[in-house]
Amino acid sequence: MQKHILVTGGAGYIGSHACKALKAAGYVPVTFDNLATGWQEAVKFGPFEQGDLLDRARLDEVFAKWSPVAVMHFAALSQVGEAVAKPGHYWRVNVGGSLNLIEAAVAAGCQNFVFSSTCATYGDHDGVVLDEDTPQRPSNPYGSSKRAIEEILRDFEVAHGLRHVIYRYFNVAGADPEGEVGEFHRPETHLIPLMLDVISGKRAALTLHGTDYPTPDGTCIRDYVHVSDLVDAHVLGLKWLEDQRGSRVFCLGTGAGFSVREVVNEARAVTNQDVPMNEGPRRPGDAIQLVSGSARAVRELGWTPERSSLKQMIADAWRWHETGHYDK
């Protein structure tokens, strides 16, 4: 009997890669997406159900139709600058939508929940490699909304037995090595695809958002994880829950952060192309440095971020960038 997994945001960048990994692991991923930022063309690995997390009746229909054994929750608004400017929108969509989803899952008897959270729940911890026990002090409404969802999951476990795995990570990069899905946003806001747009001549220059950070080269530092490594961890988390193991939080990182300038320099080396740059002001809500360890995930899940070298991530992203796009 095939096991259906409800994947919210399955038409998006990370969600589509998760659907491919789920299918490869023998599951049937059912994508639930409103296509606000996702692409129907990215839904290649299982059924598609269009809907919005704020529509509880639609969620109930989908749970009744597919009887998923677990939820993998990626759908969220995720732009820090937008969150600072529109906090109500982020709380309504991220927290309100997630609460609807969690309540619908419990009502349908779906008791396994894998949640894609973020290291933005930590806020600024300069010079610290984050782990699961680092205090959470989010510095923007996006991080605050994700932390709130984590707390809702804990409350629902106490009240309803909803078991969950929470993943905290930050910058995701790269693309499916086989080129079936990749990263494509409109508008684009992520560093690596923006940089590749400049290299391919689609943009005139890359804007550095802040060059006066207290870091070695003045640009902020982030940990990067290859999208394929990231979704492999999510499948491992699903199996963790299926094995009746307890709710758990895992950080997913490499423990080695890279500054914006370091990422640009690696892209020049990988593509053998120049990257023209302009210097701009800092973006509101951006942290100085976010670097995450993954010792618990390596030890308990057996996870290995084997593709997450900066060279590999940029090379896979560049391959997709040259050939793969979606059209509405």
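Predicted model: local features only at pLDDT ≥ 70, side-chain atom pairs only at ≥ 80, totals over all residues.
Which residue in β14 is the bridge partner of V129? The bridge partner is V291.

## Strand β14 and its partners

Strand β14 comprises residues 289-292. It pairs with strand β6 (residues 129-130) in the parallel sense, over two bridges, and the pairing of V129 with V291 belongs to this contact between strands. Strand β10 (residues 221-226) also runs parallel to β14 and is joined to it by two bridges. Here R222 has L290 as its bridge partner in β14.

The side chains of β14 are divided between two directions: Q289 and V291 point one way, whereas L290 and S292 point the other way. All four of these residues are buried.

## The seven-stranded open sheet

Seven strands form an open sheet with parallel pairing, in the order β3-β2-β1-β4-β5-β7-β11. From one strand to the next, the twist averages 15°.

Helix α4 (residues 87-107) lies across β1, β4 (70-73) and β5 (112-116). Its direction is at about 170° to that of β4.

Helix α7 lies across β1, β4, β5, β7 and β11. Relative to β7, helix α7 runs at about 160°.

The whole structure contains 21 salt bridges. One of them joins K3 to E242, with the closest N and O atoms 3.3 Å apart. This pair links distant parts of the chain, 239 residues apart: K3 belongs to the segment before β1 (4-8), and E242 to helix α7 (residues 227-242). Both partners are partly exposed, K3 with a relative accessible area of 38% and E242 with 24%.

A further salt bridge connects the side chains of E279 and R261, at 3.4 Å from N to O. E279 lies in strand β13 (residues 277-280) and R261 in helix α8 (residues 260-271), the two being 18 residues apart. E279 is exposed because its relative accessible area is 58%, and the threshold for that class is over 50%. R261, by contrast, is partly exposed at 23%.

## A buried salt bridge and a network

Since E150 lies in helix α5 (residues 141-160) and R168 in strand β7 (residues 163-168), the pair ties together parts that are 18 residues apart in sequence. Strand β7, which holds R168, is also one of the seven strands of the open sheet.

Salt bridges also link K20, D176, E178 and E180 in a network.

Conventions
Residues numbered from 1 in each chain as written. Heavy atoms only, no water. Salt bridge = Lys/Arg side-chain N within 4 Å of Asp/Glu carboxyl O. Helix = DSSP H or I, 4+ residues; strand = E, 2+ residues; numbered from the N terminus. Buried < 20%, exposed > 50% of the residue type's maximum accessible area, 1.4 Å probe, protein only. Pairing = 2+ DSSP bridges. Axes fitted to C-alpha atoms, helices over the stretch in contact; angles between N-to-C directions. Contact = heavy atoms within 4.5 Å.
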